[in-house]
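Please walk me through this structure in a viewer, one selection after another. Say what to pick at each stop and what is found there.

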Amino acid sequence: MVTGSALKAKRIVEELKKCGITHVVWLPDTEARFMYDTLINEKDIKLVQVCREGETVAIAAGLYVGGKEPCVLIQNTGFLESGDSIRGLAIDIHLPLLIIIGYRGWKRVGNITDSAAIYIEPILDAWGIKHYLVETDADAHNISIAHKEAHETKRPVAVLIGREYQ
Amino acid sequence: MIVDLEAAMAIGEHRTDEIVVNTMRAGRLWILVSNRVELDLPLTGCMSKASSLALGVALAQPHRKVIVMDGDGSLLMNLGSLVTIANQALPNFIHFVFENDIYWVTGGQPVPGVGKFNFAALARAAGYRKAYEFDDLESLKINLGQIFQDKGPTFVCLKVSSSVEDRLPYPTRKTEDALPEMRETLKKLSSGASAKT
């Protein structure tokens, strides 16, 4: 069981603003359900909603080419669906991209039984995508760390959201 | 049916300073046509995502027209992007689809559903402001001027023939090189400098 403060969408958005994020390209998931309400009223960050997660990385690549600072917000299931886009339009082109991933099935204590949670970290590791875990507001600074690292290494870096936002 | 190279040439005659995202066979044809390579964005891998990549560029560059030269097999792989694009309602977006009914790159196998669906109708139903379909070169040429002037998103289905025997040139610019180059080019253009490098 996670102790300490909850994870608030407002805190995540604060961190995204610190990073200079201009666009969040996303598909809603259960972990991110409070993000929509927060982001829809946010003037400095535009939401770009997609029909399928594989679109997100390609749209983000286009935004970056056009001079913007996008990030992607999808669930781990959607990350798995997006494999070829992440390979071809993030890793291969050296895109400095923050990918925020809803960690469906994650448990700090006890057996993880959801295959979406079981496979996501090994796959990120296999692809050389560094990842950070965020479970509470106290961890939210990991978003800025990941964003900075994405730019320094010119690679996608992931933040796994291990708890539903409030 | 329009010979696909002739369709690409007709589009090329109208292209001035638009960004052209291109992929698959349409991208190979565009190599023979383009007169502004510095404003071309070839997507050589990651089949199906040209429309999404172009949407990102169009969102970031609202004052510049963005053209995507897509393939039918590619778009079928990313059909939801029609709704995503229409939802953004960008006036600066033109989506050409070269419908040759085959996967040319893999040797000419038919795409699914040949003759049973209609791309222009799909685009219209998805919410594109305008959707055209052309199966003869003259009609395409007559309408291209208007298409370039239309407030988008605009969809243009080109019913084309493609020879599987063609030996078209391979892209000399990889996507991984073209993307950062384009970012720099657009930065320079924004600051008023020349795009030619």
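**Cysteines**

Begin by selecting every cysteine sulfur: a search of the whole structure finds zero disulfides over all chains. The model is a predicted one, and the distances below are read from its atoms.

Select Cys51(A) next. Cys51(A) takes part in no disulfide, and the nearest cysteine sulfur, which belongs to Cys46(B), is 17 Å away. The cut-off for a disulfide is 2.5 Å between the sulfur atoms. Cys51(A) has a relative accessible area of 38%, so it counts as partly exposed.

Move to Cys157(B). Cys157(B) is likewise in no disulfide; here the nearest cysteine sulfur is that of Cys51(A), 20 Å away. Is Cys157(B) buried or exposed? Cys157(B) is buried, because its relative accessibility is 0% and the class takes in values under 20%.

**Between chain A and chain B**

Now show both chains and select the residues of each that touch the other. The selection holds 25 residues of chain A, in contact with 25 residues of chain B. About 1,900 Å² is buried between chain A and chain B, and carbon and sulfur atoms give 67% of that area.

Which kinds of polar pairing can be displayed here? Between the two chains there are zero salt bridges, while four residue pairs are in polar contact, with both residues at pLDDT 80 or more.

Hide chain B and colour chain A by secondary structure. On the side of chain A that touches chain B, at least two residues each come from strand E2 (46-49), helix H3 (54-65) and helix H5 (83-91). Select H3(A) by itself: it supplies nine residues, the largest share of that side. Colouring the side of chain A that touches chain B by residue class gives twelve nonpolar, eight polar and five charged residues.

**His23(A)**

For the last stop, centre the view on His23(A), which lies in strand E1 (residues 23-26) of chain A. With a relative accessible area of 4%, His23(A) is buried, because the value is under the 20% limit for that class.

Show the side chains of His23(A) and Thr22(A): a polar contact of 2.8 Å joins them.

Then select what surrounds the histidine. Which residues are in contact with His23(A), leaving aside its neighbours within four places in sequence? They are Ile45(A), Lys46(A), Val48(A), Leu63(A), Lys68(A), Glu69(A), Pro70(A) and Cys71(A).

Terms used:
Residues numbered from 1 in each chain as written. Chains lettered and ligands numbered in written order. Predicted model: local features only at pLDDT ≥ 70, side-chain atom pairs only at ≥ 80, totals over all residues. Heavy atoms only, no water. Contact = heavy atoms within 4.5 Å. Buried area = accessible area lost by both parts, 1.4 Å probe. Salt bridge = Lys/Arg side-chain N within 4 Å of Asp/Glu carboxyl O. Polar contact = N/O pair within 3.5 Å; in protein donor to acceptor, adjacent residues only side chain to side chain. Helix = DSSP H or I, 4+ residues; strand = E, 2+ residues; numbered from the N terminus. Nonpolar A, V, L, I, M, F, W, Y, C, P; charged D, E, K, R; others polar. Buried < 20%, exposed > 50% of the residue type's maximum accessible area, 1.4 Å probe, protein only.
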